[in-house]
Amino acid sequence: MAELNPVRPFTGGLRLPPNKNLSTTMPITTLARPQRLCIPLAQHAGPPARRAVSIGASVGRGDPIGATGEHGSVAVHASHSGRIVALQRRPILAGNGLFDADCVILETDGVDAPVARTDQHWPDTLAARLAAIAAAGIAGLGGAAFPTHIKLGAHARYRTLILNGAECEPYISCDDMLMRTHPDSIIAGALIMLDLSQATQCLIAIERDKALALEKMQYAAAVRADPRIVIVPLPTIYPAGGERQLVESLLAEEVPRGRHPTDIGVICQNIGTAHALARFVSDGEPLLSRIVTVTGLGLRTPQNVEAPIGAPISALLDHCGGLVDPRSQLIVGGNMMGHPLPNADYPVTKATNCIVALPLAEAVKSEPERPCIRCGDCADACPARLLPQELLRAARSDRSELLTGLGLEDCIECGCCDVVCPSHIALTASFRAAKPGLRQQILHQQLATAAAQRHDRRQARLQRSAAEADARQQALQQALAADSATRRTVIDAAVARARKQRNDPNALT
Amino acid sequence: MPPVPSLTPIAHIGPMTSVPRVMLTVLCALVPALIVYVWYFGWGIVINLLIAVAAALAAEATTLIMRHRELRPALTDGSAIVTAALLAFALPPLLPWWLPALAAGIAIVLGKQLYGGVGANLFNPAMVGYVVVLISFPVEMIQWLPPRGSDLPGADIGFVAHLAYAFTANLPDDQAIDAVTQATPLDLTKLGLANMQTLAEIQTGPLFDRLGGRGWLWTNAWIALGGLYLLYRGIIRWHIPVAVLLGLLIPAFALYLVDASRFPSPAFHLFAGAALLGAFFIATDPVTAATTNRGRLIYGAGIGVLTYAIRTWGGYPEGLAFAVLLMNTSVPIIDRYTQPRIYGHE
């Protein structure tokens with residue numbers, strides 16, 4: 001096993017208080033079976049799974065609740081055995097933030113027989129294997145819940161598989177804990193992914209501050225002794241684990257604007273996803289649970305919890321000793337890119353990597369916003385090399401050309417600019433708000449350009465046919481002037497045409 | 001209002017710094033230089049500083065009221081105090097009270113508030129105020145005091161004399177103002193060169209030291225140390241100071257090599273005037289400087305070269321203020337053409 005070290009770091013970024021020790025002192029615990037599970041049929045913005053159960057049905061642990069239907073949908077399963085008691089459409093917080101999803105409510109019964117093992121769960125062909133991955137409910141566990149089979153199938157022959165164990169966002173430690181406890185399974189998953197993606201190398205990126213995880217992973221990789229797998233320690237700079245930053249740090253190249261790593265033959269997967277895949281391939285067990293970091297100073301005993309998909313977040317908070325102050329700021333994800341949670345009555349989804357409970361005083365230090373003094377600290381921190389100070393002015397004056405030129409679409413919304421701004425301007429929020437407007441304007445512009453082009457072409461066509469008619473007329477006149485025989489034939493033809501038309505009113509000519 | 005949980009995705013982390021803290025750090029970085037300045041040139045700068053601060057805050061408050069804006073955020077951000085402090089360092093130490101007051105008022109009203117307040121101004125406010133009084137009151141603005149240790153009359157006039165002159169326009173014991181004040185080393189050099197003297201002849205006077213002007217050397221050295229402190233604290237970036245100083249020193253060195261009797265040494269250019277104050281404290285005003293790193297290099301180099309050109313061939317002994325204002329006008333265009341390559345773009 002070679003070691004790539006040190007890597008060329010990405011531009012920008014920040015060293016943030018990691019706040020990871022809060023949740024890494026205790027081992028991973030398992031959540032006691034909740035009374036009710038709320039299992040969303042869609043766990044990211046793509047098409048939802050097709051509901052496979054109706055109210056009143058009894059389901060065993062691991063039975064499908066939603067089957068793969070349309071291209072892109074990922075199956076969901078009963079994470080505990082029980083009875084389906086209701087179907088609801090309700091807001092959930094998953095891959096792409098808050099959205100409404102159809103949810104299946106399951107009342108658990110505690111039978112929980114082990115998932116029946118079959119030998120057919122892992123077929124031989126690539127297409128069948130990808131379908132099996134979708135049917136096993138495996139989606140990206142890094143926080144976006146993007147369907148794994150789509151990423152694996154997006155490119156016929158990948159160059160590089162990047163396994164993301166960077167976990168750069170403060171507070172989150174579920175990947176760290178998983179690497180400490182299941183390094184072999186992660187490496188096994190990496191080998192399966194290498195096989196499926198045809199990639200020639202697998203770079204496993206881990207931030208240097210996770211010394212124990214690094215050590216365990218290096219040991220596990222050394223035991224496998226596969227030269228394709230390389231563990232790469234990353235500098236502890238947020239957002240080192242962003243896909244684009246990983247590509248920049250590990251491969252010294254950039255993902256072109258508006259494209260994805262898959263477009264350049266690079267596939268990024270979370271280490272948790274590799275673990276889930278390895279577990280499925282070895283045991284045939286679909287994705288029924290995930291590790292959630294439940295942390296923050298607003299919580300009595302922060303820790304990592306293995307929780308069934310669909311468990312209420314309130315149960316996780318109770319499991320961790322409850323909130324110190326009921327009026328806390330709850331965030332799903334880390335404190336940088338995470339999404340605030342309106343209340344604890346939300347289900348754990350495949351995207352729920354972390355729940356942070358912050359004391360209000362710490363979470364919302366609402367210092368007054370002051371005018372921008374153009375200090376440029378935001379530009380130094382921006383990993384996309386944008387000029388947030390200039391973007392802000394353009395966003396406030398709503399100038400779409402300027403916004404495009406300054407790279408609004410290239411903002412990855414990491415929040416670094418917000419943290420360093422001495423004027424406490426909510427830059428990221430402004431940029432997020434400006435994006436739909438810009439897209440709309442670009443769309444309108446494209447439509448307008450298309451309309452103008454159509455008009456120009458039609459105009460040209462009309463001119464051309466007019467010119468052609470003129471030319472024909474001229475040729476005819478010249479022919480008529482030339483000799484009388486031709487004139488006679490032409491006149492006769494015209495008379496015949498006119499006569500025919502008079503006799504036959506339906507004739508078109 | 002008690003804090004409520006936020007529902008929009010934002011970075012839930014306390015801010016690392018704030019505008020008032022930035023301004024306070026800048027002021028702190030000037031304190032050692034202020035002490036050295038007082039040691040060499042007396043208490044005048046302190047009196048001017050207090051008057052300028054009071055005038056700047058008063059002008060800011062008045063315009064804010066007239067513009068129907070909230071007073072507290074602007075008055076507490078510290079930017080007016082920094083403007084006043086820079087003016088105090090730029091103005092001669094012995095002045096009637098209304099001159100620093102006028103300079104500070106113009107700086108705030110014309111230089112800042114009429115553009116829309118902090119962050120919206122095109123020109124460096126302190127330099128606007130300085131240049132207006134420099135052009136309007138040339139006699140007052142070239143009367144500097146001789147430094148301590150030069151054995152000239154006026155080298156040791158006390159606090160009371162400073163105060164008396166500031167508010168009564170008369171010195172105690174019927175001393176004439178012309179008897180105690182001197183020109184600056186830059187001034188004397190310019191005059192001497194115009195009178196066909198060589199630098200060796202000019203710079204033997206009691207106002208000169210080996211490297212620059214007596215007193216100026218150490219004041220400027222401490223200004224530079226304050227600037228290095230700002231760099232260390234991350235308040236300013238290296239680009240502008242380095243570019244200003246190189247823009248000044250490279251032509252200075254080249255011409256010094258050509259004719260050392262007519263062109264002062266780079267060290268003299270560095271330590272005799274406002275070069276270091278300008279490089280570290282004035283040109284680095286973020287609002288009016290270029291905001292991209294490449295742009296900062298161009299902006300700073302422009303200030304350095306223009307300062308050298310004005311000092312050498314212009315009508316004024318010191319050109320930094322004009323150079324800053326000239327380069328301020330080019331900032332929008334510099335920023336526009338020096339945008340860094342965005343991630344993933346060609």
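Me: What is the handedness of the crossing of H1(B) and H4(B)?

Reply: The crossing is left-handed, a term used where the near helix is turned anticlockwise from the far one by less than a right angle, clockwise being right-handed. The model is predicted: local features need pLDDT of at least 70, side-chain atom pairs count only at pLDDT 80 or more, and totals for chains, interfaces and linings use all residues. Residues are numbered from 1 along each chain as its sequence is written, while chains are lettered from A and ligands numbered from 1 in the order in which they are written.

Me: Why is H1(B) called roughly parallel to H4(B)?

Reply: The axes of H1 (residues 19-41) and H4 (residues 79-90) of chain B come within 9 Å and cross at roughly 25 degrees. Angles under 35 degrees count as roughly parallel, and therefore H1(B) is roughly parallel to H4(B).

Me: Which residues make this contact?

Reply: H1(B) contributes Met23(B), Val26(B), Leu27(B) and Leu30(B), and H4(B) contributes Ser79(B), Ile81(B), Val82(B) and Ala85(B). Contact requires C-beta atoms, placed from the backbone, to lie within 7 Å. By class, seven of these residues are nonpolar, one is polar and none is charged.

Me: Which element gives the most to the side of domain 1 of chain B that touches domain 2 of chain B?

Reply: The domain assignment gives domain 1 (17-182) and domain 2 (185-340) of chain B. Their contact takes 33 residues from domain 1 and 28 residues from domain 2. On the domain 1 side, H1(B) gives the most, with eleven residues. That side divides into 24 nonpolar, seven polar and two charged residues.

Methods. Axes are lines fitted to C-alpha atoms, for helices over the stretch in contact, and angles run from 0 to 180 degrees between N-to-C directions. Helices (H or I, at least four residues) and strands (E, at least two) are DSSP runs, numbered from the N terminus. Angles under 35 degrees count as roughly parallel, over 145 as roughly antiparallel, 65 to 115 as roughly perpendicular and the rest as oblique. Two residues are in contact if their C-beta atoms, placed from the backbone, lie within 7 Å. Ala, Val, Leu, Ile, Met, Phe, Trp, Tyr, Cys and Pro count as nonpolar, Asp, Glu, Lys and Arg as charged, and the others, Gly among them, as polar. Domain bounds come from an automatic or database domain assignment.
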